[in-house]
Amino acid sequence: RGGLVCPDEKEIADVPPWHPLGCEMCSQEALQAQRSQLVRLLVSGSLEGFESILDWLLSWEVLSWEDYESLSLPGQPLSRLARCLLDTVWKKGAWGCEKLVAALQEAQANSQSPEPRGDWDPHSLHPARDLQSHRPAIVRRLYSHVEAVLDLVQELGFVSKYECDDIRLPIFTSSQRARRLLDLATVKANGLATFLLRHILELPVPLSLPLEAAECCQYISKLRSTVSAQSRFLSTYDGVENLCLEDVYTENLLELRTQASMAGALWESSATLGLEELFSTRGHLNEDADTVLVVGEAGSGKSTLLQRLHLLWATGQDFQEFLFVFPFSCRQLQCVTKQLSVRTLLFEHCCWPDGGQQDIFQFLLDHPDRVLLTFDGFDEFRFRFTDGERHCSPTEPTSVPTLLFNLLQGSLLKGARKVLTSRPDAVSAFLRKYVRVEYHLRGFSEEAIELYLRKCHPQPGLADHLLHLLQATSALHGLCHLPVFSWMVSRCHQELLLRGGGFPRTTTDMYLLILQHFLLRTSPPDAAAHVLGPGLLQGRLSTLLRLGQLALWGLGMCCYVFSAQHLQAAQVDPDDISLGFLVRAQSVVPGSRPALEFLHITFQCFFGAFYLALSPDVPVASLRHLFNCHRSGSSPLARLLPTLCVQASRCEESSVVALLQKAEPHNLQITAAFLAGLLSQEHRDLLAECQASKKALLRRQACVRWCLARSLRRHFQSIPPVVPGEAKSMHAMPGFIWLIRSLYEMQEERLAREAVRGLDVGHLKLTFCSVGPAECAALAFVLRHLQRAVALQLDHNSVGDMGVEQLLPCLGVCKALYLRDNNISDRGLGKLTEHALHCEQLQKLALFNNKLTDGCAHSLAKLLACKQNFLALRLGNNHITAVGAQVLAQGLRSNASLQFLGFWGNKAGDEGAQALAEALDDHRSLKWLSLVGNNIGCVGAQALALMLEKNVALEELCLEENHLLDEGVCFLAEGLKRNSSLKVLKLSNNGITYLGAEALLQALQRNDTILEVWLRGNTFSPEEIEKLSHRDTRLLL
């Protein structure tokens, strides 16, 4: 316990002799072959486990004292030390490799008895040597007594106070202090080693590991009970009832962040994982970091995901590798003003031990790999991440920001896992340096929406009615991609089903719908209505404005938890609270009075926007600060909206302006979109009845409308001039998406048309911009008014099938559409291709790294057969087999325009390659074909070779990462002898030997057209590479 843990293999103690980590590891070659696996094993546990391996190797004299010192340098990354250890052991030969396996087994079993072996001689003439040979047992024996032993050796004069203080530095665990004392005894010649050799026998033998102490077991039980009570129920936001999390929890799309590479290369697409795989070994960005980052948009389910994790641990269902789980909320932590230490954070602000606090805390420090800390909502933490102030003492108090930042960096509790959730905008590149792995929470799939509604409404027929409504209302269905909107649909099912039409389309529509639901719940029974009318709204207007004032103040002060004093200052009374939008917050300050918080950050932004739209205390001119913050460069939105957007008066800034200037940019963006929606034409009558001055409302509308249109146009005009010979392009930032969202919330065609009138770009790039179905609807609403065709690039977003459906209205102005890595399935592609058949300007589709299967092949074949101006189709890294390739080949036969076909990373095999090759025999337009990584062998190569003999258009053929071998290459070489068009042939990583290269050289003698033949990663010796390079420089080796 506290030793090494291998996530991929069985325990080393159970390794059979034939396992690669068994006897075969005794050879140097086997160790090198298993090097990466061993590195993962050595770094998967804590530093304590690694140092215990060094103890065994040192005691067996596998490591010299110089070796040990080089492997014990403080501050070095564990991965680097692991690699240095493997290099050192490899130099020792087969015997050293054998001893390494034995040390791994001992460290995993952690079974060394603290009793010394029979050859222990307390009167040895070589005490330092004996301390080294018995080192593992001595470390275990000293573990519980190291402080007392240090006091004794200092009192007897064996060590100085300076040496004692150096050993006692708070960054060292008890085991590390014991080792440092033994290291000191090795180099001191004053009798310290002799004294320790004799005194250790007098130390009491620990009866059990600290983990087995009654106090520790009781604390773990109490912690599980506390976490279970906090996570078992999911608030329904309105505070009326609690739902059991187990009953309604639905899996979200959790994707592992991967490193992007070139479009034509083979690389793994973003993996969709389950919650139980959160701590898997895949996708590590920094092996030495401890923090797992989960990012997602507001309302995507980050808090619920953590709540599910806590419940699974507390009930013993999963994550049992951790003995301790400590959950924290960042919005709660920032309310703590006093300084905290790690100890006070864990015990006073999470779960207090009933006894044995010092022993329990020491165990936490000694075994950090058994500890998990979760921090929810980093975007709601007002302090920006920095690593400028280091704090390494777990017992010394410091400020909350410094404490949190040092925990995330690993300066505190190094080796303990930390899970951090945040909206993407709040995560800086600076913070990502300390992230071990990053996940993106993409929201609900269509199947998850259905499953969630059926869980919430098990009554016969009710969920079916709701699902039918969603499928008939595309915009509403797209909104439900975020779980918060699915919840709203579930809560407001009566209002939705009783409507005859006019279903919600925008985010503002949905929040007005939930507002209606809450107002009706607290209204008299005879006031029931199914549409939010002026009367219902005006009756509680004073309450809504008070809530709005509180919300806006909180946004400006980065305050999301409100005390009784805050409520009193905003004049919020119990009747206002009873409406249901303010719910009780879990207190993080011991003994403090319960505070309140808005049920979700988006509701706080909505009420802030409501106050800005209707309060008579808000000057119209102040609204410009919502869209144009005067802090230079404070946010992408501020940079997008120029100062000249609205000519402001020089009047003294009001308190509203001051709040808007201090608010977090991402909250400001959400509030701006809500304000645009509230001031739209559709909701004008609703707000007009509540506004004493109709003129003031119109002025607000005019201000927002003009600000949006002019700011967007100015942004378009700021695009740099086009480079000669290239299409003019624009790479938009996330702030640009929120401008488009705000335009969409207003739902004014004329305004959208006016906004894009000046856009003159050939390529609009929106990669990594968190574009989901709702953003797709907004983009389509605005971009369909473009005057010229544009290439729209939406790679690495969350478009999905629902987003594809939202994009269809603007497909007519797209000449190219790039949807790489967007979780699109056959269903979404079917809708896309059906619509694309009628879009004359669309000529290119890029759909690689999605979830496409053979089911999409008929749609694509029809597209190729019917669109004779289609130029490029890229389908790499999907799940299309030979069956799909054969169907696609049928469409290819009828096409005379396609120039680029990307099929890498699929499963075409020989049969698929044969079908495509036959379709391309007499194809006159295709210039580039990629079949990288398709499990193609010599049969497929023979078909491609026959195609090369007949084809007169193909210029580049990519066949890397297949199984062509020499036989397949010989077929291709024969084809090259009769080909006159191919310029580049890529054959890297195909198991080709000198024999295959010789066949290619003979073909090149008769082919002057080909310029490059890629042969990297094949089976050539250094001498053969040099020889081949001299024979023909076109071979790239």
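This is a predicted model: local features need pLDDT of at least 70, side-chain atom pairs count only at pLDDT 80 or more; totals for chains, interfaces and linings use all residues.
Author: Residues are numbered from 1 along each chain as its sequence is written, and side-chain values use heavy atoms, with hydrogens and water left out.

Reader: What is the average confidence of the protein, and where is pLDDT below 50?

Author: On pLDDT, the predictor's confidence in each residue from 0 to 100, the protein averages 84, and 87% of the residues score at least 70. Residues 207–212 have a pLDDT below 50, and beyond near neighbours in sequence this stretch has 11 contacts in the model, a contact meaning heavy atoms within 4.5 Å. Residues 260–267 also stay under 50, and for these the model has 24 contacts beyond four places in sequence.

Reader: Why is S300 called buried?

Author: A residue is buried under 20% relative accessible area, exposed over 50% and partly exposed in between, with a 1.4 Å probe and protein chains only; the relative accessibility of S300 is 0%, so S300 counts as buried. S300 sits in the loop between β5 (291–295) and α15 (302–314), where helices (H or I, at least four residues) and strands (E, at least two) are DSSP runs numbered from the N terminus. Leaving aside residues up to four places away in sequence, S300 touches N252, L441, L482 and P483.

Reader: What makes β4 and β6 edge strands?

Author: The open sheet has 7 strands in the order β4-β3-β9-β5-β8-β7-β6, with mixed pairing, and two strands pair if DSSP finds at least two bridges between them. β4 (272–273) and β6 (324–329) each have a single partner strand, so one side of each is left without a neighbour in the sheet, and both stand at the edges.

Reader: How do you know that β5 and β8 pair, and in which sense?

Author: Pairing asks for at least two bridges, and β5 and β8 (residues 417–422) are joined over 5 bridges in the parallel sense. V292 stands opposite V419 in β8. Against this sheet packs α15, touching β3 (254–256), β5, β6, β7 (371–376), β8 and β9 (435–441), and the direction of α15 makes about 155° with that of β7; axes are lines fitted to C-alpha atoms, for helices over the stretch in contact, and angles run from 0 to 180 degrees between N-to-C directions.

Reader: What makes β7 a covered strand on both faces?

Author: In a regular strand the side chains alternate between the two faces of the sheet. In β7, V371, L373 and F375 on one side and L372, T374 and D376 on the other are all buried, and 6 of the 6 residues of β7 are buried. β7 runs parallel to β6, to which 6 bridges join it, and β7 also pairs with β8 in the parallel sense over 4 bridges.

Reader: Why is N823 called buried, and why is N989 called partly exposed?

Author: N823 has 19% relative accessibility, which is under the 20% limit, so N823 counts as buried. N989 has 34%, which lies between 20% and 50%, so N989 counts as partly exposed. N823 is in the loop between β15 (814–818) and α42 (826–836), and has a positive phi of about 60° although it is not a glycine. N989 is in the loop between β21 (984–986) and α48 (994–1005), and has a positive phi of about 55° although it is not a glycine.
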